[in-house]
Amino acid sequence: MSTVNGTRAPAALVLEDGRIFRGSAYGARGRSLGEAVFCTGMTGYQETLTDPSYHRQIVVQTAPQIGNTGWNDEDDESARIWVSGYVVRDPARTPSNWRAKRTLDEELERQGVVGISEVDTRTLTRHLREQGAMRSGVFSGDALGSDEEMLAEVKAGPQMKGADLAGEVTTKQSYVVEAQGERKFRVAALDLGIKSNTPRMMAARGIEVHVLPSSSTVDELLAVEADGVFLSNGPGDPATTAHATELTKAVLQREIPLFGICFGNQILGRALGLGTYKMRYGHRGINIPVIDVATKRVAITAQNHGFALEGEPGQRFETPFGAAQVSHYCPNDDTVEGVRAFDVPAFSVQYHPEAAAGPHDAAPLFDEFVSLMEKAK
């Protein structure tokens, strides 16, 4: 933990509405701006930090103790930490896990992620629930200034609404994740911020996954000669995804089996004619219930989204590609959690079936994607 002459260096979290939380520097020192959001997951902080969907967000961990298992070299969900800043209450002084290579504090500092510890995260979370996710900044070291100066910097930062971020996290070049054992299918995965475990989950089912940049054209996608198309998770406002939405429409027109998760759910929904909106504080955690309209079954899911599709649970609607339905919803607030087309082979969910980290209730959705491709063959 960052110290000055044996004492912990001061730090501040400044919110757009003028609320300031004081604490100690954690990770790198400096200034970091982003949208303050909270994550309720009690485990999986390494996967959270490396999830590209958190790009340009300052993540508040509601679990009071963070860093107990340190940082290893196996659990990253991408090539780097994507969060803009990190807020914790009680960081572990000494990690205890046989897989740990270094402390969380050391990894944050190594990757230049500005954090703050010893914050009353319960009060902070209640504030964000009541006032909504908002622009914020973490300041420490030489970046600490007067309250007025820091607040002015926060208010000068970009809004998340209208932010086009998928292009900032996507792969620069296509790559292939080979199928485990016999190759049964080939899938073209549009990388809008894909997590590493997603291609692994498909590979385990005999799928060869071609991961493509978000800027890929229809011709580039078709050149893969894929049996199915996958739309990944990712950051930003889905209203900015004109290219991905048009690409999805082209896939639907050709009736290629399609499966989307998280950001991909919003893109499929927009391609089917639904609108999207920014939620007050979003869903971020690994214990969020979702009800399947068709079966009435409840799944406990991992989620990370601040935008959602417009619609009502079970709502049926007409699209340019035939009939469709809001297939899943969250009973906590009736948020749309999935859509399904009836006349073309396409479905999506708002949550993360790859469960990194999180429950495995939704893993069978990958099997459903396989079934869709089998029928198409």
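Mentor: Between domain 1 and domain 2 the count is 3 salt bridges. This is a predicted model, in which local features need pLDDT of at least 70 and side-chain atom pairs count only at pLDDT 80 or more, while totals for chains, interfaces and linings use all residues. Residues are numbered from 1 along each chain as its sequence is written, and side-chain values use heavy atoms, with hydrogens and water left out.

Trainee: Why is the meeting of the R56 and E168 side chains called a salt bridge?

Mentor: The term requires a side-chain nitrogen of Lys or Arg within 4 Å of a carboxyl oxygen of Asp or Glu; the N to O distance for R56 and E168 is 3.9 Å, so the pair qualifies.

Trainee: What makes domain 1 and domain 2 separate domains?

Mentor: Their bounds, 10-156 for domain 1 and 166-376 for domain 2, come from an automatic or database domain assignment. The contact (heavy atoms within 4.5 Å) takes 27 residues from domain 1 and 22 residues from domain 2.

Trainee: How do you know what area is buried between domain 1 and domain 2?

Mentor: Buried area is the accessible area (1.4 Å probe) that two parts lose on being put together, summed over both, and here that area is about 1900 Å², with carbon and sulfur atoms giving 46%. On the side of domain 1, P52, S53 and E77 supply 28% of the area buried against domain 2, more than any other three residues.
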